[in-house]
Structure formats: C-alpha cells, structure tokens
Amino acid sequence: MRYVDEFRDPELITKASEEIYRLADPDRHYRIMEVCGGHTHAIYRFGLKDVLPSNIELIHGPGCPVCVLPMGRIDDGLAVAKNSDVIFAAFGDMMRVPGTHGSPFEHKARGTDVRIVYSPADALQIARKNSGKHVMFFAIGFETTAPSTALTLMRAKAEGIKNFSVFCNHVTIIPAIRAILDSPDMRLDGFIGPGHVSTVIGCRPYEWIARKEGKPVVTSGFEPLDLLQSVVMLLRQLRAGEARVENQYKRVVPWEGNRAALKAMADVFQLRPYFEWRGLGFISQSALKIRDEYAEWDAEQRFPIPGTRVTDPKAAQCGEVLKGVLKPAQCKLFGNECTPEHPIGALMVSSEGSCAAYYNYEHRKAAAMVTSISSVA
Amino acid sequence: MCLAIPGKMVELDPNAAHLGTVEVAGVRRKVDLGLLEEDMPVAGDWVLIHVGFAMTKISEQDAVEQMNLLQMLGEAEQAMQEVRGYCVDESGEHERENLRPS
C-alpha cells in the first residue's frame with residue numbers, strides 16, 4: 001500500500017482498508033461522491049483510490065467555488081476593475097482563472113490594479129489605507145467563507161467606510177447537491193460530506209438527502225484515515241440498507257453548526273432567486289446576494305455590471321467534469337490544450353479543481369511511469 | 001482556498017473586541033474572532049483559521065495533526081504565505097513575492 005507508512009496511524013489505515021474490502025459487496029458497484037474540492041485534492045494526493053477496491057468509485061462533486069463560477073461573472077468583476085480608481089481585490093485562487101479577455105493576473109499585467117488578499121478583512125484594510133480609491137472585493141466561496149465576508153460588511157458599515165464594496169459570488173452547497181441528485185445522468189449511493197462547510201452549517205442540512213433520497217451522508221475530515229473511516233461508515237449503512245447522516249469529523253464539526261456564523265450570514269445576505277453555475281445551469285436559491293441594508297457596500301448596486309453570460313469554449317467539458325459525469329482525463333482538452341500552465345477552465349487552475357488535482361498527481365504519475373518504462377526498454 | 005490553518009491564541013486585542021493575535025508556526029498575526037463570539041477563545045486556546053477568521057476552537061492535539069496534514073497535502077507553505085499575508089491591522093500591502101499567484 002503506497003505511502004501508508006508516511007501517514008499517521010498506518011495500522012489504523014490498514015485496518016480501515018481491510019474493513020472496506022470486507023464490507024464491499026463484490027457484486028455491487030458503489031458510486032460515492034465527495035462533494036468538497038478539498039476532499040478531491042486529498043484523495044488524489046494520498047492516492048486513496050489505490051487503497052480502495054475497484055468496485056468503489058469516487059465521483060468528484062462540485063464543491064469548488066472557483067470552478068463553479070461561470071466565466072461571465074469574472075468578466076463582470078473585471079469590468080468594474082477597469083475604472084482607474086478601483087482596486088480589485090481577491091483571493092490568490094482567483095488570479096489565474098480565465099475570463100474572456102484574460103485572467104485577473106493578466107489584467108494586472110495590463111495595468112488594472114489587481115491585488116491578492118488572504119482575507120476579506122484585508123480588502124477592507126486596503127480601503128481604509130487608500131481613501132482616494134475604491135476597493136472592490138471579489139467574494140467567492142461556499143458557506144465556509146461567506147460568514148467572514150458578512151462580518152467584514154458589518155464592520156465596513158459600522159465604521160462608515162464608503163470606499164469599499166463586495167462583488168458577491170458566494171454560493172450554497174445544498175442546492176448544488178440537490179441539482180446533482182436531480183440529474184438523470186447521476187446515480188449515486190452515498191456522499192462524503194464537506195468538512196469545513198459543515199463547521200458553519202452543521203450536519204442537519206444534509207438530513208433530507210438521507211431521509212428523502214435514501215442516500216447516507218458522512219461528513220468527513222481530510223486525513224487519509226478520516227476519508228477511509230468515512231467510507232467504512234458509508235458502507236456499513238449501505239450494507240444494512242440504512243440512510244442516515246453521520247459525522248466523522250466530530251473534532252471540528254458541531255452537529256448544530258456555528259450559530260454566530262449563520263446569524264452573520266442571515267443578517268447580511270439573502271438568497272438570490274436563481275444563479276448560474278458552471279455545469280449545473282441555473283439553480284434557484286443557490287447563491288447569496290447582499291441585503292438592501294448593505295446596498296452601499298454591494299458592488300452590483302454601486303457599479304453598472306454588464307451581466308455577461310459567457311459559455312465555456314465548445315470543446316471544454318468543464319460542466320460535465322463538475323457534475324461528476326466525466327472524469328478529468330475524459331475531457332478532450334485535458335493534458336493537451338488545457339494544463340495548469342495554460343488552463344482553459346477554472347477546474348485546472350483552482351487548488352480544489354478536480355482537473356488540477358488529477359493532473360498534478362495521477363497524470364504526472366502515469367507520465368513518469370511511461371518514461372521509466374521506455375527508458376528501461 | 002479551503003485552507004484551515006491551526007493557530008494558538010496569544011492575546012485578545014485590548015482596543016478591538018473582535019480581534020485577537022494568533023501564532024502559527026512562529027508567525028503572529030491578528031485574526032477576526034467574530035465567528036466565535038458565543039464562546040470566545042482565550043490565550044492558550046487553539047483555533048482553526050480560515051481566510052483570517054477563527055472558525056472553531058480545537059484541541060492542541062488536533063492543531064498539531066492539522067499542521068502535519070497541511071504538510072502532507074503540500075499546503076503548509078501556502079498556509080504560511082496566507083498567515084504572513086494577513087494584515088487586518090497594518091498597511092494592507094503585501095510583500096512583492098506574495099503578489100505571485102501560487
């Protein structure tokens with residue numbers, strides 16, 4: 001078993017793997033979706049697929065907030081940034097995501113004031129220190145990150161900071177899971193639930209998946225043992241014909257979630273009637289919009305937003321990979337036109353994108369094997 | 001982006017109720033504690049930090065394991081770059097090297 005000795009508790013990992021082999025029905029093909037991009041990354045990095053029997057298939061879900069954002073929203077944000085007195089602030093993950101006329105980083109090279117921040121609080125600080133400019137924070141993320149944006153807006157309002165706004169692209173995880181379950185292309189047996197989103201929303205929001213859809217959900221930590229234990233817990237339920245929500249990540253995830261975070265989100269945001277997701281189309285009540293009480297800090301109310309709708313390049317299959325219908329390597333552009341060095345879509349850029357994860361671990365491994373075989377021959 | 005960074009509370013900010021200084025692998029920065037206002041951490045507590053905000057309290061054991069996990073995921077350097085980048089109480093500018101996307 002590759003790398004087991006590098007991991008903490010190698011005996012427990014071996015035990016978990018043996019339990020998985022024992023529990024998995026050889027006549028059954030299991031399709032388990034890990035929703036969160038961070039889990040996708042961990043699965044590839046740790047080579048967990050090598051540790052699972054071949055009849056357990058891990059399907060990558062849409063839990064990558066950079067990946068699911070349609071290109072038009074990036075274009076819209078950059079359109080605001082064209083104003084010479086606007087500073088465009090965003091997380092590092094956004095910087096290389098392609099827009100129609102280049103990524104934020106490429107816009108920076110052409111003179112747009114684009115800055116990396118590591119926190120929405122830092123974007124607000126730039127506003128405090130640059131009173132002659134307007135700082136627009138391009139906010140992305142699921143419920144893990146939205147509360148921090150909410151608190152930042154509350155601070156901006158409390159201090160009366162006028163030269164700051166948020167272009168809000170926060171999305172919510174439950175509607176995305178619902179859209180996946182409603183999709184006719186997708187047959188799934190269970191879910192590895194998000195780790196950090198769940199620290200905010202808790203485990204209750206997943207209960208309908210178990211009760212109404214009959215699929216077990218196990219919220220999981222990110223270590224190899226966490227993920228394998230979560231698979232064990234899912235298999236136990238599937239074997240017993242049960243469907244419940246279980247929390248494997250108890251040390252971090254509270255069942256009831258974080259009340260202060262949920263309150264901050266409710267105070268500052270409301271749900272958009274619908275929002276377009278790359279790959280999943282328009283989903284109702286799936287994204288956050290800034291409430292009217294904070295209109296002064298809402299970039300969409302302060303600036304004219306083009307409302308660009310841009311489809312992905314025809315050959316790119318970002319949508320299908322996001323839905324889990326295609327594996328990254330099955331996209332025609334994978335590894336050729338689309339690589340981390342010159343990405344066509346966000347899945348190849350973002351640290352949580354399944355294409356980037358697959359490319360950096362599996363693809364390079366396969367390429368190295370080919371090289372080593374041909375050098376021996 | 002889903003980086004959860006473990007840090008040890010050093011002290012609460014006497015001038016700003018929602019800020020506190022944390023230490024991550026020897027680097028000290030102020031983070032926002034607003035999400036933990038129902039159960040504020042004190043000096044010596046360990047917290048998980050995400051985009052400059054403390055998300056939850058954790059045990060010291062979990063903090064050590066989380067740092068190891070970040071190493072194993074190849075994200076430890078990115079985490080330290082992020083922590084060094086937090087500047088909620090400073091100039092808002094970052095060193096030149098931080099402007100290079102990872």
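Trainee: How many residues of chain A are in contact with how many residues of chain B?

Mentor: In this predicted model, 41 residues of chain A are in contact with 35 of chain B. The cut-off is C-beta atoms within 7 Å.

Trainee: Which elements of chain A give two or more residues to that side?

Mentor: Helix 2 (37-45), helix 5 (120-129), helix 6 (146-159), helix 8 (196-201) and helix 11 (259-268) of chain A. Helix 5 of chain A has the largest share, six residues.

Trainee: How do the residues of the side of chain A that touches chain B divide?

Mentor: They divide into 17 nonpolar, 14 polar and 10 charged. Gly counts as polar here.

Trainee: Turn to chain A as a whole. How many helices and strands are there in chain A?

Mentor: Chain A has 14 helices and 13 strands.

Trainee: Why is chain A called as compact as a globular protein of that length?

Mentor: Set the value against the rule. The globule rule gives 21 Å for 377 residues, and the radius of gyration of chain A is 21 Å, so chain A is as compact as a globular protein of that length. Its C-alpha atoms fill a box of roughly 65 × 55 × 40 Å along the principal axes.

Trainee: What percentage of chain A counts as buried?

Mentor: Of its 377 residues, 55% count as buried. Each of those needs 20 or more other C-beta atoms within 10 Å of its own.

Trainee: Among contacts in chain A between residues at least 6 apart in sequence, what share joins residues at least 24 apart?

Mentor: The share is 76%.

Trainee: Now helix 10 of chain A. How do you know that its span is close to the expected one?

Mentor: It has 16 residues, 224-239, and reaches 22 Å from first C-alpha to last. At 1.5 Å a residue, 22 Å is expected.

Trainee: What makes helix 10 of chain A mostly covered?

Mentor: The count of buried residues: 13 of its 16. After helix 10 of chain A comes Gly241(A), with a positive phi near 70°.

Trainee: In chain B, how do you know that strand 4 and strand 5 pair?

Mentor: Pairing needs at least two bridges. Five bridges join strand 4 (residues 46-50) of chain B to strand 5 of chain B, and the strands run antiparallel.

Trainee: Which residue of strand 5 of chain B is the bridge partner of Trp46(B)?

Mentor: Ile58(B). Strand 5 (residues 53-58) of chain B is mostly covered, with five of its six residues buried.

Definitions and conventions: Residues numbered from 1 in each chain as written. Chains lettered and ligands numbered in written order. Predicted model: local features only at pLDDT ≥ 70, side-chain atom pairs only at ≥ 80, totals over all residues. Helix = DSSP H or I, 4+ residues; strand = E, 2+ residues; numbered from the N terminus. Rg over C-alpha atoms; globule rule 2.2 N^0.38 Å. Buried ≥ 20, exposed ≤ 12 C-beta atoms within 10 Å, placed from the backbone. Contact = placed C-beta atoms within 7 Å. Expected span 1.5 Å × (residues − 1).
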